[in-house]
Amino acid sequence: DMGTRAVYTFNDGSDRFHVYKHWDGYPEGAALFFMKAIPYAWGGTRFEACDFAAAFIAGNKNEGGGDVYFTKGPNHHGDLEYVYELYQKKIGGLMVKAYHVYWDGESNKTSKKRFFNGSLVSFVMEHGREEAKQRADEHWNLSPKKAA
């Protein structure tokens, strides 16, 4: 089975950390991986690239090794399909830029096309499957709670 390879970059304005993930890098997978990282990251308004990169690995690493690990960046992988960048606006929440990577067999060059630029909440609600949306709802209290 072929993996859908992606690199996730965590950028806090002063530092950038990159994590490679071999499997399920399409947007539906990415939405869930971001949500699985949140419980391991500092909550609230504090966002540090080093912390969130480690949280991403903690939330998504399986026993037996491989699949998800630090990398020097997207340029160190010739077979990526997606690149994601997570950052925080000066005021407000986490933001995502998402790119689809295209390979040109004739020139042997890759190019990337951005297909999403907005809040992490919007990314999860637009691309995520049920588990990711449920985690987002619980984390950000998106659904109005019914009175008992």
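Buried means under 20% relative accessible area, exposed means over 50%, and partly exposed is in between (1.4 Å probe, protein chains only). What you're looking at is a predicted model, where local features need pLDDT of at least 70 and side-chain atom pairs count only at pLDDT 80 or more, while totals for chains, interfaces and linings use all residues. Residues are numbered from 1 along each chain as its sequence is written, and side-chain values use heavy atoms, with hydrogens and water left out.

**Stop 1: R5**

Select R5, in the segment before β1. Helices (H or I, at least four residues) and strands (E, at least two) are DSSP runs, numbered from the N terminus. Is R5 buried or exposed? R5 counts as buried because its relative accessibility is 13%. Now show the side chain of Y20 too: a polar contact of 3.5 Å joins it to the side chain of R5. A polar contact is a pair of N or O atoms within 3.5 Å; within protein, one must be able to donate a hydrogen and the other to accept it, and residues adjacent in sequence count only if both atoms are side-chain atoms. Leaving out residues up to four places away in sequence, R5 touches Y20, K21, H22, D79, L80, E81 and Y82. Contact here means heavy atoms within 4.5 Å.

**Stop 2: T9**

Move along to T9 in strand β1 (residues 6-11). T9 is buried too, at 3% relative accessibility. Which side chain does the side chain of T9 make a polar contact with? Pick H18, and you'll find the contact at 2.8 Å. Beyond its neighbours within four places in sequence, T9 is in contact with R16, F17, H18, P74, Y84, E85 and L86.

**Stop 3: the aromatic rings**

Select Y8 and Y84 and look at their rings. Rings of Phe, Tyr and Trp (its six-membered ring) pair if their centres lie within 6.5 Å; planes under 30 degrees apart count as stacked, over 60 as edge-to-face and the rest as tilted. By this rule the count comes to 16 aromatic pairs. Y8 and Y84 are a stacked pair, 5.1 Å centre to centre with 15 degrees between the planes. Y8 sits in strand β1 and Y84 in strand β4 (residues 82-88), so this pair ties together parts that are 76 residues apart in sequence. Y8 is buried, with a relative accessible area of 0%, and Y84 is buried, also at 0%.

Y82 is in strand β4 and F115 in strand β6 (residues 109-119), so here the parts tied together are 33 residues apart in sequence. Y82 counts as buried at 11%, whereas F115 is partly exposed at 31%.

**Stop 4: two helices**

Finally, colour helix α1 (residues 27-37) and helix α2 (residues 49-60): their axes come within 7 Å and cross at roughly 105 degrees. Axes are lines fitted to C-alpha atoms, for helices over the stretch in contact, and angles run from 0 to 180 degrees between N-to-C directions. The contact is made by F33, F34, K36 and A37 of α1 and F52, A55, F56, G59 and N60 of α2. How much of α1 is covered? Mostly: 9 of its 11 residues are buried, among them L32 and M35.
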